[in-house]
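Student: I have a model open and would like to go through some of its local features. Could we begin with how two of the helices are arranged?
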Amino acid sequence: MAFSTRRGGWAQTLLPFSAPPNPKSKHIRKPRRRLALRDFIFTNFFTIGLTISFFFFLIVVLRYGVPRPISSHFKSRPPRFPKSRKPVYRKSDALNDTVFSSTVDITTKELYDRIEFLDIDGGPWKQGWRVSYKGDEWDSEKLKVFVVPHSHNDPGWKLTVEEYYERQSRRILDTIVETLSKDPRRKFIWEEMSYLERWWRDASESKRESFANLVKNGQIEIVGGGWVMNDEANSHYFAIIEQIAEGNMWLNDTIGVVPKNAWAIDPFGYSPTMAYLLRRMGFENMLIQRTHYELKKELALHKNLEYIWRQSWDTEETTDIFVHMMPFYSYDIPHTCGPEPAICCQFDFARTHGFSYELCPWGQHPVETNRENVQERAEKLLDQYRKKSTLYRTNTLLVPLGDDFRYISTDEAEAQFRNYQMLFDHINSNPSLNAEAQFGTLEDYFEALREEADRINYSAPGEVGSGQVGGFPSLSGDFFTYADRQQDYWSGYYVSRPFFKAVDRVLEQTLRASEMMMALLLGYCQRSQCEKLPTGFSYKLTAARRNLALFQHHDGVTGTAKDHVVQDYGSRMHTSLQDLQFFMSKGIEVLLGIRHEKSDQNPSQFEPEQVRSKYDAQPVHKVINAREGTYHSVVFFNPLEQTREEVVMVIVNRPDVTVLDSNWTCVPSQISPELQYDKSKIFTGRHRVHWKVSVPALGLQTYYIANGFVGCEKAKPAKLKFFSKSTSLSCPTPYACSKAEGDVAEIQNRHQTLNFDVRNGCLQKISFKNGSQNVVGEEISIYSSYGSGAYLFKPNGDAQSIIEAGGQMVITEGPLMQEVFSYPRTAWEQTPIAHSTRLYNGDNTIQELLIEKEYHVELLGQDFNDKELIVRYKTDIDNKKIFHSDLNGFQMSRRETYDKIPLQGNYYPMPSLAFMQGSNGQRFSVHTRQSLGVASLKEGWLEIMLDRRLVRDDGRGLGQGVMDNRPMNVVFHILVESNISSTLSSVSKPFPLSPSLLSHRVGAHLNYPLHAFIAKKPQELSVQPPPRSFSPLAAPLPCDLHIVSFKVPRPLKYSQQPLADSRFVLILQRRHWDSSYCRKGRSQCTRVADEPVNLFYIFKGLAVLNARATSLNLLHEDTDILGYSEQVGDVSQDGHVLISPMEIQAYKLDLRPHQ
């Protein structure tokens, strides 16, 4: 991102400012002073000239570095992670600051601009060209080939993770141990810790020891080492950190190794967020495979398939990580030895009649290597290796050897190892071939490659490259949307199984909140009795981490598994959600001081305000039974790092209630009827109570819903307006109802007025109090798609609007919440969508600045087969079909709609945010609390896909469509903002823009909601408890500083660990925000993080001890290898932490209550 910088390049000022006038400047200098200056210059002319020349020389050296000797091709070996070079700044004409973006050789935007996307047939390498070589390329530096055996084990896809383990993965791991132990030249790599941990539990002591020895002697390398190989489009960065840390920590605790090379052969497109997180975990290299075939071809043509991936905001090369991109269609053996799959397939020795795999579809099959044919076979294979090698810069070549669930038997493994060793022996014993081939791991390959790149300068003329590894280009950008052939774009999985994409995020934020609560319980605990509840929950907490981690798999959160596998993922997440909510409902009792003793054994007094009856059911609000003369306690936990003012809602069974705070002071409230998505019965007979709460950062606050409390006004009933042509709605008690008049309905608060078209119930226009207006033009439409499947989106033409005139509308107008509920009329008896639009009133709340949209989606039944449902906002913003969408909830990416690629290729992932910006700086942002797909297909349009129901398989191996749709609610928070300082239009900025501070806060409130708990039993009004709240922070954190997580990483070992081990972890992120929008975000921000935060004094009543920086996987404490700028350093002395915008930093610490 293009950022303003301070300290190491970040400008200190955050807003336009005028310097105070200098009182001396008013005086006009006398001419005599000028004469004296002239005389001085003439007298010291030579000295001044020499000084200026010296300064000019210094600037040149700082900008371009010390020149290399012209004659030398060799470089001394740099350290693996050398100090960063000086940043290169790119100025913007924004008034307030210098905008920074990284300087790189390649951006993915430039590649898209340049490529014509013609899909030209390249011959044997269909998506490339006929590769040839002269033959003398290896005369001075022989070809070094590393063949890397691997087996891709999906933790769930066509079978559940447990089914795969029992039938395949268990046998594969047994096979590897057995066959590698026979010959030290054999190598193997393994990625998924979910399977390794499962195998480890079952394995005998001798098998475990053999495996550990093979790892330690370098025959087996653990690559990536996450719990799974995560998806990179839908996964949130919190969950990615969690899943890698879970796997890496288990591995380090069990075998004592930490991975440093990442392997991601199967995710469907790649995010730079992953490169950033891996770098900050101490990884050195990464490998990727599934990128657009035209992009692979373009990079291969210029030998740029290996590059340094740099973040778009990084001006100091601190995020650089080396990447190897595989060049061909697939990671299977036919597509990895070289450009001609018909030949490579002959060297997959498991594709013979003795095994269960498909024979070579090109008709030429593998033959056993023997003394008679070894020369011919070896030279045929080496020809492919040489051709593949010409696509890369060095003479070190990587050749993966594997496929899905391979090496399942000793016979299969022996067939591969035996034949290849014979071929290698022939190649290696013939010096005239100028080649050397062997089995290897990723580490073997990358080490050899770096050694060669140290000796030989492979840099192209004028290349920026990187100070980390010489000889390769630098690149920034992401690799979405992936196409593997023709016009088959993988944009369908951004939306497939949206119900479970939503559950994923609920589990994520509930796990984060539970981890915080466990850390607070243990931090404030002073004796072993109160440790029992949190430590007793450790097993279930670990299971929840692993169930969330499992779903990040690239066939989990993507929605691309078989129905019964989706059910397995869903059931696991549901179980963990229930466990976490149960723990939190007991934890709040302890933190509020309701009871300490035996809180681990007694049933909880509280229950969550929202509950799910089963894994695929929508959450339901608990109904408070407000009997006369009683009250119910409602407790809110705020998982954010700032105090939270928010309008909240609970359901009651009768309207005559009063709301009180924990001091028994009256709180203004509103009552309105509960609505449901049922045309025949819109009113449920229950009521919604809204009121404004204030909950401390990371803290708890109690409120009371009372019936019969004297001295307080009862909740104020909302006024209702109806519009219905088909049926007459009866007015529920005790509300005043009227009929909506005219063609336009409106609701408003003190900031904005919303206009709706009464005929179709859709939002038309937003008017602001300053007189400005925005057309919104909400439209609900459906694509008909007969070629789409779980992975692919292949629409037949444009989406068609489905809303007809004459639906039902209920308008609710109250002092705290105003709502338009629309049950639209469509061609179907059962409409697939109904929706609510809400405005809130509440001083100091973020809610009053946004528009809440809630869509209830039911894409059920055969009427909706091969249909994909979207909502489209047709605004008047002149965005030139350019918009921004987020990557993993961490950073923004600039998106541009290209006419040269089909509609489906212009769809992008939207894990949490998309916005459009006009030439006048006005922004239209849509925040989502679950991952979906987004596009801007015409000027001013932003469309978001909500659900898809598809009959057919799309030919990518799943073998089924997506027909298991569930009713679900999708919630958006829409924000329209105007900038406060001039800015370039986003069209002229090729680099990503950042959200405003307000936009960041809207996203945080949506994705990290308050957790509400209700007392199971009412209390008599005559018994009034003392005030109950909990506020652990000494002060709210700055508004742009986010607690990613605060937890006890090893709860099972908490009691046994000495204090010096630093048993707690605090992970912080500093958000970057666009300061051309209002600094305070109009949202009661008192400060931002441009001053250090002192870790020692964050908590009230807790001493922070042994604080030290660590990697994001919590396994490296040498921060030099993580790439951070020098300020991370040693926090243990003064506790000061200053985080650069965009950075995530982890700290280990210990907590002890003040005596």
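Tutor: Helices H4 and H5 are roughly perpendicular to each other, because an angle of 65 to 115 degrees counts as such. Their axes cross at roughly 75° and come within 10 Å. H4 covers residues 161-180 and H5 covers residues 193-202. Please keep in mind that this is a predicted model.

Student: Which residues of H4 and H5 make the contact?
Tutor: From H4, the contact is made by Val161, Glu162, Tyr164, Tyr165, Glu166, Ser169, Arg170, Leu173, Asp174 and Val177. H5 contributes Tyr195, Leu196, Arg198, Trp199 and Asp202.

Student: And how many of the residues in that contact of H4 with H5 are nonpolar, polar or charged?
Tutor: Eight are nonpolar, six are charged and one is polar.

Student: Let us change topic. How many disulfides does a search of the whole structure find?
Tutor: The search finds five disulfides. One of them joins Cys345 to Cys360, with an S to S distance of 2.0 Å.

Student: Which hand does the link of Cys345 and Cys360 have?
Tutor: The link of Cys345 and Cys360 is left-handed, with -100° about the S-S bond. Both Cys345 and Cys360 lie in the loop between helix H10 (341-344) and helix H11 (374-389), so the pair ties together parts that are 15 residues apart in sequence.

Student: Is Cys345 buried or exposed?
Tutor: Cys345 counts as buried, at 0% relative accessibility. Its partner, Cys360, also counts as buried, because its relative accessibility is 4%.

Student: What does the disulfide of Cys666 look like?
Tutor: Cys666 is joined to Cys712, with 1.8 Å from S to S. The torsion about the S-S bond is about -85°, so this disulfide is left-handed. The pair links distant parts of the chain, 46 residues apart. Cys666 sits in strand E21 (residues 666-667), whereas Cys712 is in the loop between strand E24 (700-707) and strand E25 (716-717).

Student: What about Cys731 and Cys737?
Tutor: A disulfide joins Cys731 to Cys737, and the S to S distance is 1.9 Å. This link is right-handed, with 75° about the S-S bond. Cys731 is partly exposed, with a relative accessible area of 37%, and Cys737 is partly exposed as well, with 31%.

Student: Next, the backbone. Where are the cis peptide bonds at Thr481 and Pro734?
Tutor: One joins Phe480 and Thr481, with omega about 0°. Thr481 lies in the loop between strand E11 (474-476) and strand E12 (483-485). Another runs from Thr733 to Pro734, with omega near 5°. Pro734 lies in the loop between strand E26 (719-724) and strand E27 (736-739).

Student: Then which residues other than glycine have a positive phi here?
Tutor: Among them is Phe117, with a phi of about 55°. Phe117 is in the loop between helix H3 (108-114) and strand E2 (143-152), and it is buried, with a relative accessible area of 13%. Another is Asp866, whose phi is near 60°. Asp866 is found in the loop between strand E37 (851-857) and strand E38 (867-874). With a relative accessible area of 4%, Asp866 is buried.

Student: Finally, a sheet. In what order do strands E28, E29, E30 and E31 come?
Tutor: The four strands form an open sheet in the order E28-E29-E30-E31, with antiparallel pairing. Strand E28 (744-748) and strand E31 (773-775) are the edge strands, each pairing on one side only. On average, neighbouring strands of this sheet are turned by 25° against each other, direction ignored.

Student: How many bridges do E30 and E31 have?
Tutor: Strand E30 (residues 762-768) pairs with E31 over three bridges, in the antiparallel sense. Lys765 has Val775 of E31 as its bridge partner.

Methods. Residues are numbered from 1 along each chain as its sequence is written. This is a predicted model: local features need pLDDT of at least 70, side-chain atom pairs count only at pLDDT 80 or more; totals for chains, interfaces and linings use all residues. Side-chain values use heavy atoms; hydrogens and water are left out. Two strands pair if DSSP finds at least two bridges between them. Axes are lines fitted to C-alpha atoms, for helices over the stretch in contact, and angles run from 0 to 180 degrees between N-to-C directions. Angles under 35 degrees count as roughly parallel, over 145 as roughly antiparallel, 65 to 115 as roughly perpendicular and the rest as oblique. Contact means heavy atoms within 4.5 Å. Ala, Val, Leu, Ile, Met, Phe, Trp, Tyr, Cys and Pro count as nonpolar, Asp, Glu, Lys and Arg as charged, and the others, Gly among them, as polar. A disulfide is a pair of cysteine sulfur atoms within 2.5 Å. Buried means under 20% relative accessible area, exposed over 50%, partly exposed in between (1.4 Å probe, protein chains only).
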